[in-house]
Amino acid sequence: MQRFFIDANIARAHTLDTAFYREPQYFSAAKEKLFAPLWQYIGDADMLQGNAHPFTLLDGYMNEPLLLTKDEAGILRCMSNVCTHRGNLLVTEPCKLHNIRCKYHGKQFGLDGGFMSMPEFKEVEDFPSEADNLHNLLLFNWGKLLFTSLQATIPAQAVFADMMQRMHWFPMDKLRTVKERSREFTVKANWALYCENYLEGFHIPFVHAGLNQVLDFGEYTTELFRYSNLQLGIGKKGDVCFDLPASSPDYGKEVAAYYFWVFPNMMFNFYPWGLSLNIVLPQSPDECKVQFITYVLDDSKLDTGAGSDLDTVEMEDEEIVEQVQRGVLSRFYKHGRYSVTREQGTHHFHSLIAEFMNT
Ligand code: FES
Ligand SMILES: [Fe+2]
């Protein structure tokens, strides 16, 4: 495996080697190197209608069967959804359970994942052991939003604190999911190409004519944190902007949108009407899915300002990213250079990819 190198000095740096997008070996290696140590959005507290909600983490890529449960005390837990006997999937649809009972041979677990009983196992030695419990994963919540991590090598605080602090005034608990406004797109491009396009506003005047009318491109700034970054969208005069409290470091600015990206694949777009969460799901080296999950705060502001007409912006982005996918397969293109003023976010992303891939 080659080592990826991104010079820390953006003025000297070359962009990520195309091998990362092209080669199946790096697509696979990224599972353990980039995705397992970090955090993933899994849904929100409202999705638990009963007390057991099965789901697949990074469907089409990591494919890890997990289960979210809520016990009598209201405590949420995230655990493996695989029976510790012969590997059957335990819960196959959202439901309300007293305890978790495997439908294959009857092994039972508590809602905390602890082993309870197993038929016909009296003679088995050293049983039960720790390995008979369902593996519990860490769960992190921000308001209603829930996140987990397969390995949690990097603490959730290190990943989310910068965004949480900056948005401390935003009423996360009041967000409502609006299913009709949520959707999923298939993009014929490597997942990282989709992310790096998101990470620069450089292309806005070229690719998004409509959005360019609303955002003041000259004022568009990028701030880098350890595992996340922020693009601040400043509205043009008269556009719908946030009513910021004095405690916000942006108080006095006409902020139309906060575009936070969290490594490796999550985008949190805050608009005066609410939050549009985008999750990029790798599918193959040349295909990804993008989930748009819509959380509304204020219906009256929907379809206004920078957060209106997101579908048009999305189609424009997909088209350009799919073209880049074809470009990175070229034998004549290995990597390019960065604009020092306009591509700090993309440079940050590539640097993190190199850092994690080289471990
Ligand atoms: S696989 Fe679950 S009890 Fe056998
Ligand atoms: Fe774009």
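The following legends describe close-up views of a predicted model.

**Figure 1. Domain 1 and domain 2 of the protein chain.** The domain assignment divides the chain into domain 1, made up of residues 19–32 and 171–357, and domain 2, residues 40–148. Taken over C-alpha atoms, the centres of domain 1 and domain 2 are separated by 33 Å. To the contact between them, domain 1 brings 21 residues and domain 2 brings 14 residues.

**Figure 2. The largest nonpolar core of the model.** This core holds 97 residues, and those with the most contacts inside it are Phe-20, Phe-160, Trp-191, Tyr-258, Phe-268 and Phe-270. The element that gives the most to the core is strand E14 (residues 255–262), with 8 residues. Because domain 1 (19–32 + 171–357) and domain 2 (40–148) both give residues to this core, it lies between them. In soluble globular proteins, nonpolar side chains tend to be buried together.

**Figure 3. Glu-343, a buried residue without a salt bridge.** Glu-343 is located in the loop between helix H7 (310–327) and helix H8 (344–357). The nearest side chain of opposite charge is that of Arg-337, 9.3 Å away. A polar atom of the Glu-343 side chain does, however, lie 2.7 Å from the backbone nitrogen of Ser-339. Leaving aside neighbours within four places in sequence, the residues in contact with Glu-343 are Ile-10, Glu-200, Phe-202, Arg-337 and Tyr-338.

**Figure 4. His-105 in the loop between strands E5 and E6.** The loop that holds His-105 runs between strand E5 (100–101) and strand E6 (108–109). His-105 counts as partly exposed because its relative accessibility is 30%, a value between the limits of 20% and 50%. The side chains of His-105 and His-85 are joined by a polar contact of 3.1 Å. Residues up to four places away in sequence not being counted, His-105 touches His-85, Arg-86, Met-118 and Pro-119. Pro-119 is 14 residues from His-105 along the chain, and the C-alpha atoms of these two residues are separated by 7.4 Å.

Note on methods: Residues are numbered from 1 along each chain as its sequence is written. Chains are lettered from A and ligands numbered from 1 in the order in which they are written. This is a predicted model: local features need pLDDT of at least 70, side-chain atom pairs count only at pLDDT 80 or more; totals for chains, interfaces and linings use all residues. Side-chain values use heavy atoms; hydrogens and water are left out. Helices (H or I, at least four residues) and strands (E, at least two) are DSSP runs, numbered from the N terminus. Buried means under 20% relative accessible area, exposed over 50%, partly exposed in between (1.4 Å probe, protein chains only). Lys and Arg count as positive and Asp and Glu as negative; His and the chain ends are not counted. A salt bridge is a side-chain nitrogen of Lys or Arg within 4 Å of a carboxyl oxygen of Asp or Glu. A polar contact is a pair of N or O atoms within 3.5 Å; within protein, one must be able to donate a hydrogen and the other to accept it, and residues adjacent in sequence count only if both atoms are side-chain atoms. Contact means heavy atoms within 4.5 Å. A nonpolar core is a set of buried Ala, Val, Leu, Ile, Met, Phe, Trp, Tyr and Cys residues joined through side-chain atoms within 4.5 Å. Domain bounds come from an automatic or database domain assignment.
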